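Work through the exercises below with the coordinates open. Each task is followed by its solution in steps.

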Amino acid sequence: MGENLPATPRGWRDSARCAQVADPELWFPPRGRHDVAAVARRICAGCPVRPECLDYAVALRPLPLDGIWAGLSHKQVRMVAAQRGRPRPCYTCGTEFVPANVQNRAYCSGGCREAAHREQKAAYERRRRERVRART
Ligand code: SF4
Ligand SMILES: [Zn+2]
């Protein structure tokens, strides 16, 4: 375990069902293995420390990019983090902000969203011109 992990009440992991299972990789199923994920989710459903586990996952920085946490996918964990209104860094400028809603959770302001879209468009244009140039 690293040193930058969130502080949570000690000991909850001792009761974690996933710590008692022979194959912890069940919680990190390969892409598309929904059957494996379903096994992990079922075990989470009967786990006594599910709330502690979810608090832990939501407090991780960066937020989880894979795995099953408290029976949720990493995407669902990110959703819960957004719903709980925890500050997060804006994708464009890095300023910490609390998302106003679940749909808009990447940028701190309309200006930053537009800047990101402008940049994406410019990058697309660059690639398009390179493709055209490569053909001529
Ligand atoms: S809820 Fe969390 S601690 Fe419990 S089994 Fe699932 S992943 Fe492990
Ligand atoms: Zn910003």
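What percentage of the contacts in the protein chain between residues at least 6 apart in sequence join residues at least 24 apart?

Step 1. The model is predicted, so local features need pLDDT of at least 70 and side-chain atom pairs count only at pLDDT 80 or more, while totals for chains, interfaces and linings use all residues. Residues are numbered from 1 along each chain as its sequence is written, and chains are lettered from A and ligands numbered from 1 in the order in which they are written.

Step 2. Two residues are in contact if their C-beta atoms, placed from the backbone, lie within 7 Å.

Step 3. The share is 35%.

**Exercise 2.** List the elements of the protein chain in order.

Step 1. Helices (H or I, at least four residues) and strands (E, at least two) are DSSP runs, numbered from the N terminus.

Step 2. The chain has four helices and four strands. From the N terminus on, their order is α-α-β-β-α-β-β-α.

**Exercise 3.** Describe the shell around ligand 1.

Step 1. A residue is near the ligand if its C-beta atom, placed from the backbone, lies within 6 Å of it. The shell holds 13 residues, and the closest are Ala16, Cys18, Cys44, Cys47 and Cys53.

Step 2. The elements giving two or more residues to this shell are α1 (34–45) and α2 (50–59).

Step 3. Sort the shell by class: Ala, Val, Leu, Ile, Met, Phe, Trp, Tyr, Cys and Pro count as nonpolar, Asp, Glu, Lys and Arg as charged, and the others, Gly among them, as polar. The shell has 10 nonpolar residues, one polar and two charged.

**Exercise 4.** Find the buried residues of α2 and what they pack against.

Step 1. A residue is buried if 20 or more other C-beta atoms, placed from the backbone, lie within 10 Å of its own. In α2 this holds for Cys53, Leu54, Tyr56, Ala57 and Val58.

Step 2. The buried residues of α2 pack against β1 and α3. Leaving aside neighbours within four places in sequence, Cys53 contacts Ala16, Trp69 and Ala70.

**Exercise 5.** Characterise the packing of α2 on α3.

Step 1. With axes fitted as lines to C-alpha atoms over the stretch in contact, and angles running from 0 to 180 degrees between N-to-C directions, the two axes come within 9 Å and cross at roughly 80 degrees.

Step 2. Angles of 65 to 115 degrees count as roughly perpendicular, so α2 is roughly perpendicular to α3.

Step 3. Leu54, Ala57 and Val58 in α2 meet Val77, Val80 and Ala81 in α3. By class, this contact has six nonpolar, no polar and no charged residues.

Key: Buried ≥ 20, exposed ≤ 12 C-beta atoms within 10 Å, placed from the backbone. Parallel < 35°, antiparallel > 145°, perpendicular 65-115°, else oblique.
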